[in-house]
Structure formats: C-alpha cells, structure tokens
Amino acid sequence: MKLHEGDRVALVATARKVSPADVEPAVRLFESWGLQVVVPEGLFASDCQFAGNDSHRAAMLQKLIDDNEIRAIFCARGGYGTVRIIDMIDFAALKSCPKWIVGYSDVTALHSHMASHCFVPSLHATMPVNIPGDAIDRDYPALHTLHDFMFNGKLYYHFPIDANSKTAFGRVGDCHAPVVGGNLSVLYSLLGSDSDVDTDGKILLIEDLDEYLYHIDRMMMALKRAKKLEKLKGLIVGAFTDMHDNTIPFGRDAYSIILDTVADYDYPVAMGCPFGHIGMENLSLPLNVDVVFKVTEEEVSITL
C-alpha cells in the first residue's frame, strides 16, 4: 500500500463541512510530494454543520472507495458526523483493492469499523484541515511521519521518558500485535454497535480533547465493564488535551484515571505519546497493522 509519485489520492468530508481555503495548503503539499490530488465534486457542500447531508457524504466516500485508481483517501476534517454514514457504506472494495483511509478524531468511527469488518490497515494521522500554509517549507513532525510512512513504510518511534519529555511512565513490558482504537469519546460511543472495536489481543490507542475528567473516568469504566481492556496486549495513551474539571475537583488527571482503570492488568502502558489533538506534533500511526511496542523506565518505542 505504499504511495509512489504519480499516484492519485483524494479528499473526502465525512463529518463537518470544509471550505476550499481549509484544504488548499494540503492540496499544495500533496502535489509537492508528486501526488495527483482529486478534489471530488461536492466536497464543499453544506447542510447545517455537515459537509452535505448523510446521503451526500456517504455517496462521496463510496465513490472513492470503489475507484481502484485512488490509492489513499484523506478525511478532510473531524468534528462529528462520520458515524451517521457508516451503515450506508459498502467496504467490500477495500478487501480486493486496499487503500489508506487517513484521519483521526471523528474518523475513529471509520477506523474501528474497518478493523472489525474489512481487516485492512488504515492510518491514524493528521488531516488536511490541520495542515498550515507553510507546510511545504517546514519539517513538521506530523507531516514528516505521514510522508515517511506512506511512501517508505517506515515506523520507528522512540520517545524518551524524562523531565523534559511529555511522555510519562506507565507500565513496563513489550508485545507484538496490531494497533486499534483512536479517539476515546468515539470508541465509547461505538460500544455495542456494529462498529464496536475488537480489542482482544490488540494494542489499544486512545486520545481525547476537551473533556471533563469525570467523563474520562466514565468512559474508561465503560470500556473496562465491556471487557475491552482485560485482553489487551498493550495500551498506548496519546494526548489528552484541554481537559476540564468541576468546581469540586475530580482529584486525578486523565493519565492517573487511565492508569488506575487498567491497574488490574499486566500489559505495557505508555502515557502521553504524541498522537491526537496536538497540531503538527500528531504523529502518524497505522491501525490494524502489527507493531512492536516496548515500554521501559527510560523510553517508549513503537516500531514495525
């Protein structure tokens, strides 16, 4: 599934609406990588906060999935709305002609559904709406890793655990397994549905934005009670950005809540890894792909 110069890639809007200005830097960047960028008719449609009504968004995604000349589909932005079209999509073409579907946040609904039904890889990574105007001239980690993985298949992350690092100590251990998951709030919303994530024997990735701490606890307890945490091979905890608290403090931060929830298990846990809502620091991570995950008291490593 590696990309090559001359390959056709496409943008799609499965959730919140976008404007031409929102995606123009991404189009220029992808073209500078030698890609042919398809901006489908109807990408800039509007229906309240959505990029067109559900049928419109589903048809746009379906057409790109069925087009064997498209080698990757970049979800333009998140927000909310992808779950509304999941059951309208036929993913069968991905089994015979796999292609990358790229995004994070609300796109977790697509990642989770694909992992359970198509068994093909997808990519948790930055989206066109996040790409700044100076992207061609600067070596942003999110974009460097996106290019390096999609074109070269490279995944070689080493995150030090020290006083100068955002990565925090979780629990030592190592494993070799596929990664699943994404945004915690979306995973929580999918519990019990046809798009529910299968975590048995997997490494689970979670990240989130703009949530109350008590709700992080509620969601983690829901995952635990649904048996999503007990048979993991490992847990990668990404960024938990802009967390909120009540007037009466919850008493623990997001990482403490998560570590406490999985205290009964013995798999490796890494806290504060650079995945999620952290702008151009959001590194690319393939899902439904086996990786080697190792946590020591000095560093976290994730490699192919």
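Q: How many aromatic pairs does a search of the whole structure find?
A: The search of the whole structure, which is a predicted model, finds 11 aromatic pairs. One of them is formed by Phe 50 and Tyr 80, whose rings are 6.2 Å apart from centre to centre, with 50° between the planes, and this pair is described as tilted.

Q: Why tilted, with 50° between the planes?
A: A pair counts as stacked when the planes are under 30 degrees apart and as edge-to-face when they are over 60, and the rest are tilted, so a pair with 50° between the planes is tilted.

Q: OK, and where do Phe 50 and Tyr 80 lie?
A: Phe 50 lies in the loop between strand E2 (36-38) and helix H2 (54-66), while Tyr 80 lies in the loop between strand E3 (70-75) and helix H3 (92-96), so the pair ties together parts that are 30 residues apart in sequence.

Q: Is Phe 50 buried or exposed?
A: Phe 50 counts as buried, at 13% relative accessibility, whereas Tyr 80 is partly exposed, with a relative accessible area of 37%.

Q: What about the rings of Tyr 157 and Phe 159?
A: Their centres are 5.7 Å apart and their planes are at 25°, so the pair of Tyr 157 and Phe 159 is stacked. Tyr 157 is buried, with a relative accessible area of 8%, and Phe 159 also counts as buried, at 9% relative accessibility.

Q: Which residues form one aromatic cluster?
A: Phe 30, Trp 33, Phe 74 and Phe 151 form one aromatic cluster.

Q: And what sits over the ring of Tyr 267?
A: That is the charged end of Arg 171, which is 5.4 Å from the centre of the ring of Tyr 267.

Q: Switching to the sheet, what is the order of its strands?
A: The sheet is open and has six strands in the order E2-E1-E3-E4-E5-E12, with mixed pairing. E2 and strand E12 (285-287) stand at the edges with a single partner strand each, so one side of each has no neighbour in the sheet. From one strand to the next, the twist averages 25°.

Q: How many bridges join E5 to E12?
A: Three bridges join strand E5 (residues 122-124) to E12, and these two strands run antiparallel. As one example, the bridge partner of Ser 122 in E12 is Leu 287.

Q: Which strands does H2 touch?
A: H2 packs on the sheet and touches strand E1 (8-12) and E3, and the direction of H2 makes about 165° with that of E1.

Notes
Residues are numbered from 1 along each chain as its sequence is written. This is a predicted model: local features need pLDDT of at least 70, side-chain atom pairs count only at pLDDT 80 or more; totals for chains, interfaces and linings use all residues. Side-chain values use heavy atoms; hydrogens and water are left out. Rings of Phe, Tyr and Trp (its six-membered ring) pair if their centres lie within 6.5 Å; planes under 30 degrees apart count as stacked, over 60 as edge-to-face and the rest as tilted. Helices (H or I, at least four residues) and strands (E, at least two) are DSSP runs, numbered from the N terminus. Buried means under 20% relative accessible area, exposed over 50%, partly exposed in between (1.4 Å probe, protein chains only). A charge sits over a ring if NZ of Lys or CZ of Arg is within 6 Å of the ring centre and within 35 degrees of the ring normal. Two strands pair if DSSP finds at least two bridges between them. Axes are lines fitted to C-alpha atoms, for helices over the stretch in contact, and angles run from 0 to 180 degrees between N-to-C directions. Contact means heavy atoms within 4.5 Å.
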